[in-house]
Each structure stands twice: as C-alpha cells, then as structure tokens.
Amino acid sequence: MKSVRCVLFIVLLSLSTVVFAQTDAQTSGAHKSSVAPVLSEAQKSFATMKTLAGEWEGVTDVPDVPQWSGSKLHVSMRVTSRGNALVHELQEAGTPLDATKYDHPVTMLYVDGDQLTLVHYCDAGNRPRMTGKMSPDGKTVEFELKDISGSTEEHMHHSVFTIIDANHHTEDWTFMMKDKPIHAHFDLHRMN
C-alpha cells in the first residue's frame with residue numbers, strides 16, 4: 001500500500017510539473033508576442049521611406065541649369081520583396097513606360113545590416129550607393145555617397161527626401177558633372 005501511495009505521489013508530482021511548465025511557457029509566449037520588436041535606426045528610416053509608396057507628380061527646379069527647370073515629373077514608388085525593398089522610378093510625366101527606350105532611372109532602397117542603403121541605377125551608366133539617416137523629427141532622410149560601381153566622372157552624389165505630409169514630399173538630388181555639382185529639387189504630390 002505504501003508503494004502504491006509513493007508511485008501515485010510521484011505521478012501526481014510529475015503531472016503538476018508538466019502542467020506548470022506548460023502554463024509558464026504559454027504565459028511567456030503571450031508576453032513575448034505582446035511586446036513590439038525594437039527597430040534599429042535604419043529600420044525606422046526605412047519604415048518612414050515606405051510610407052512614400054504610391055504615384056507622385058510634380059515639377060523640377062534645377063537652379064544650376066535653368067533650362068531644365070519646370071519639367072513635369074512622375075515618380076512611382078512601390079514596396080517589393082516582401083517589404084524588404086522600395087523601388088523608386090522617375091520619368092517625365094505623361095509619358096508611358098517604354099521598354100525600348102532608356103526613359104527613366106531606377107533607385108532601390110533597403111536595409112543592409114545597420115544601414116539604410118540606396119542604390120541608384122543611373123542614366124550615366126553607373127550605380128552610386130548611398131547610406132541614409134533620418135532627421136530627429138522623422139521628416140527627412142538624407143543619403144550620403146558611400147561608393148560607386150562604374151564611372152565616377154558623372155554620378156549621383158547626394159539625395160534628401162523630405163516628407164511634408166502624407167500627400168506631399170520633396171526630393172533633392174545632387175548630380176556631380178565632373179567636379180561640378182548640379183542640384184535638382186522635385187516638389188511632388190501624391191496622385192493615388
């Protein structure tokens with residue numbers, strides 16, 4: 001009889017240990033899922049840039065080359081690769097995309113380790129890579145040149161995206177033509 005009680009006690013003790021362990025695991029899992037992950041600065045900057053996904057139109061101002069000012073632009077931005085990349089395509093407003101023409105540069109933005117990275121596939125035939133940081137107010141992301149694949153004689157050198165509100169943002173791009181910087185300012189409004 002004593003041995004039966006002893007076995008029964010051990011079985012009950014084992015069962016209670018299993019039940020408490022499962023309850024603790026469920027509680028811990030519930031606690032973990034309710035805590036939002038901490039985002040790095042690069043991830044926060046990228047999340048801000050992804051809010052610009054959509055179709056945009058506006059005009060350009062190029063003070064260094066006034067004859068280029070006043071051009072109407074269309075910018076398309078879309079989130080792709082399961083949310084891991086943002087594609088930025090620029091073209092003249094009102095023109096269809098035509099695969100037979102070299103009609104627009106493409107820029108890719110993504111998080112690479114602890115950096116927000118921008119790669120600009122330029123009309124000049126090169127690929128400048130820039131790294132970006134968000135301003136303390138969360139409205140501006142500024143990109144500085146890191147390196148270039150291809151010719152460095154003419155290249156995109158710097159860019160700044162400033163969010164005015166959900167339907168209005170500006171882009172400032174600096175293109176180096178040999179050693180002379182050409183600044184372009186795009187004032188863009190959301191089309192959809």
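D179 counts as exposed, because its relative accessibility is 74%. The residue sits in the loop between strand 9 and strand 10. The model that shows this is a predicted one. The chain has 192 residues, of which 32% count as buried, and its secondary structure comes to 2 helices and 10 strands.

**The loop between strand 9 and strand 10**

- D179 and H155 are 24 residues apart along the chain, and their C-alpha atoms are separated by 10.0 Å.
- K178 is found in this loop too, between strand 9 and strand 10.
- With a relative accessible area of 51%, K178 is exposed, because the cut-off for that word is over 50%.
- The phi of K178 is positive, about 60 degrees, although K178 is not a glycine.
- Most residues other than glycine have a negative phi.

**The loop between strand 2 and strand 3**

- R82 is found in the loop between strand 2 and strand 3.
- Here too phi is positive in a residue other than glycine: the value for R82 is near 55 degrees.
- R82 has a relative accessible area of 86%, so R82 is exposed.

**Order of the elements**

- Read from the N terminus on, the elements run α-α-β-β-β-β-β-β-β-β-β-β.
- Among contacts in the chain with a separation of 6 or more, 36% are between residues 24 or more positions apart.

- T60 has its place in strand 1, which covers residues 54-61.
- Is T60 buried or exposed? T60 is buried, because its relative accessible area is 7% and the cut-off is under 20%.
- Leaving out residues up to four places away in sequence, T60 touches W68, S69, G70, S71, L73, A184, H185 and F186.
- S71, one of these partners of T60, lies in the loop between strand 1 and strand 2.
- The relative accessible area of S71 is 33%, so S71 is partly exposed.
- S71 and D61 are 10 residues apart in sequence, and 7.9 Å lie between their C-alpha atoms.

**Helix 2**

- The buried residues in helix 2 are A42, S45, F46, T48 and M49.
- Why do the buried residues of helix 2 line one face of the helix? Seen down the axis of helix 2, they fall within an arc of 155 degrees, so they line one face.
- The buried residues of helix 2 pack against strand 3, strand 4 (106-112), strand 5, strand 6 (127-134), strand 7 and strand 8.

**The largest nonpolar core**

- In soluble globular proteins, nonpolar side chains tend to be buried together.
- The largest nonpolar core holds 28 residues, and M49, F143 and F161 touch the most other members.
- At least two residues of this core come from each of helix 2 (41-50), strand 2 (72-80), strand 3 (85-92), strand 5 (115-121), strand 7 (140-149), strand 8 (154-165), strand 9 (168-177) and strand 10 (180-190).
- Which strand gives the most to this core? Strand 10 does, with 4 residues.
- M49 is named both among the buried residues of helix 2 and among the core members that touch the most others.
- Not counting residues up to four places away in sequence, F143 touches L109, L116, L118, M130, T131, G132, H158, S159 and F161.

**The largest pocket**

- The volume of the largest pocket is about 660 Å³.
- How many residues line the largest pocket? The lining has 25 residues, and W68, L90, D123, M156 and F186 lie nearest the centre of the pocket.
- Strand 3, strand 9 and strand 10 are the elements that give two or more residues to the lining.
- Strand 3 supplies the largest share of the lining, 4 residues.
- By type, the lining divides into 15 nonpolar, 7 polar and 3 charged residues.
- W68 and F186, named as lying nearest the pocket centre, are also among the residues that T60 touches.

Terms used: Residues numbered from 1 in each chain as written. Predicted model: local features only at pLDDT ≥ 70, side-chain atom pairs only at ≥ 80, totals over all residues. Heavy atoms only, no water. Core = buried A, V, L, I, M, F, W, Y, C linked by side-chain atoms within 4.5 Å. Buried < 20%, exposed > 50% of the residue type's maximum accessible area, 1.4 Å probe, protein only. Contact = heavy atoms within 4.5 Å. 1 Å grid on protein atoms, 1.4 Å probe; cavity = no way out; pocket = protein on both sides within 12 Å on 5 of 7 lines; lining within 4 Å. Points joined across faces, edges and corners; volume = space filled by probe spheres on them. Nonpolar A, V, L, I, M, F, W, Y, C, P; charged D, E, K, R; others polar. Arc of directions from axis to C-beta.
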